[in-house]
Amino acid sequence: MCCLLSEFLVPALNVNNRMKRLVLLLLCSLLTACATSPTGRSQLMLISPESAIVESKKAYLSTVSELDKNDKLVNDPALSRRVATITGRLVTVAIEKFPYTAKWEWSVAIVDEPDVVNAWCMAGGRMAVYTGLFDKLHLTDAEFAQIMGHEISHALANHTAEQMSRAMATTLGVVAVGAMSDRPGIAMGGAAMAAKVAISLPNSRTAETEADTMGMELAVLAGYDPDAAVSLWEKMAAQGGGRPPEFLSTHPAPGNRETALAAMIPAMRKLNPTGKLAAVHPVQIVR
Ligand SMILES: [Zn+2]
């Protein structure tokens, strides 16, 4: 457990060894458990998946109300239908594989940001997509399914709780160091704040690989051509230039991502050789 903590925390804090040991001791005593991801990886968990869902809901509602106040929620019937249909098919498959997610409040906010190429899904199935994805990448349905399959997989694999744990570990570490160095004034942010921070932190490369694999499987079972995973990443890479898409800063690519995705395609295609489309589970488009 502590080795996981030190991986996240110690590089972030420039403190002496005695302080490091004290901070790690404090954090270890606060650990609820280490969890195991669906692919068998050990995960740092300072917060339970259930609490991550509760706190993510708070963070989501505050984010959405802010977007609404700034008139940034898209209300385009054709785009809403497209997003709800593709996402709804992925959700049907997600619920088949993880039945407890049937009670999640699956929803998507479509955010009017034509320059932002990004999407995310919090714990509990609350998602956002930015219009830059469509405006800049001219996505096919199958490519959009790959993005959302990947995002939904982050939530299914409890990556939100893992990211929140990272955010909290860093904050707690800062508080602990502050307390021990006569700087007790630094307050710990709430867990809802950690949920908000979590979606802006880069995922670990291991979490990315996990979401790539699970996401491609969701998209194939939902009826979308797996070749789209490769064409999507080619489009993302071509966006590079002076300002790489935000998606790539929160989703750092393992060096061999495209090769790894391409290698998975033949086996994935066998899961749904006729490309049968899944039923559309209701997904609320947030307005
Ligand atoms: Zn990702």
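Student: What covers the buried residues of α4?

Tutor: This is a predicted model. Look around α4 (77-97). Its buried residues include Val83, Ala84, Ile86 and Thr87. Their cover includes β3 (107-111), β5 (126-130), α6, α9 and β6 (284-286).

Student: How far apart are the end C-alpha atoms of α9?

Tutor: Helix α9 takes in residues 205-222. At 1.5 Å a residue, it should span 26 Å. The model agrees, with the end C-alpha atoms at 25 Å.

Student: Which residue follows α9, and what is its phi?

Tutor: The residue after α9 is Gly223. Its phi is positive, near 110°.

Student: Are α9 and α12 parallel, perpendicular or oblique to each other?

Tutor: Two packed helices are described by the angle and the distance between their axes. The axes of α9 and α12 (residues 257-269) come within 10 Å and cross at roughly 40°. Angles under 35 degrees count as roughly parallel, and 65 to 115 as roughly perpendicular. The two helices are therefore oblique.

Student: Which residues make the contact, and how do they divide?

Tutor: From α9 come Asp212, Thr213, Met216, Glu217 and Val220. From α12 come Arg257, Leu261, Met264, Met268 and Arg269. They divide into five nonpolar, one polar and four charged.

Student: Where is Asp71, and is it buried or exposed?

Tutor: Asp71 sits in the loop between α3 (49-69) and α4. Its phi is positive, about 60°, although it is not a glycine. A residue with 12 or fewer neighbours is exposed. Asp71 has 8 C-beta neighbours inside 10 Å, so it counts as exposed.

Student: Where is His138, and is it buried or exposed?

Tutor: His138 lies in the loop between α5 (132-137) and α6 (141-156). His138 is not a glycine, yet its phi is positive, about 45°. With 9 C-beta neighbours inside 10 Å, His138 counts as exposed.

Technical notes. Residues numbered from 1 in each chain as written. Predicted model: local features only at pLDDT ≥ 70, side-chain atom pairs only at ≥ 80, totals over all residues. Helix = DSSP H or I, 4+ residues; strand = E, 2+ residues; numbered from the N terminus. Expected span 1.5 Å × (residues − 1). Buried ≥ 20, exposed ≤ 12 C-beta atoms within 10 Å, placed from the backbone. Axes fitted to C-alpha atoms, helices over the stretch in contact; angles between N-to-C directions. Parallel < 35°, antiparallel > 145°, perpendicular 65-115°, else oblique. Contact = placed C-beta atoms within 7 Å. Nonpolar A, V, L, I, M, F, W, Y, C, P; charged D, E, K, R; others polar.
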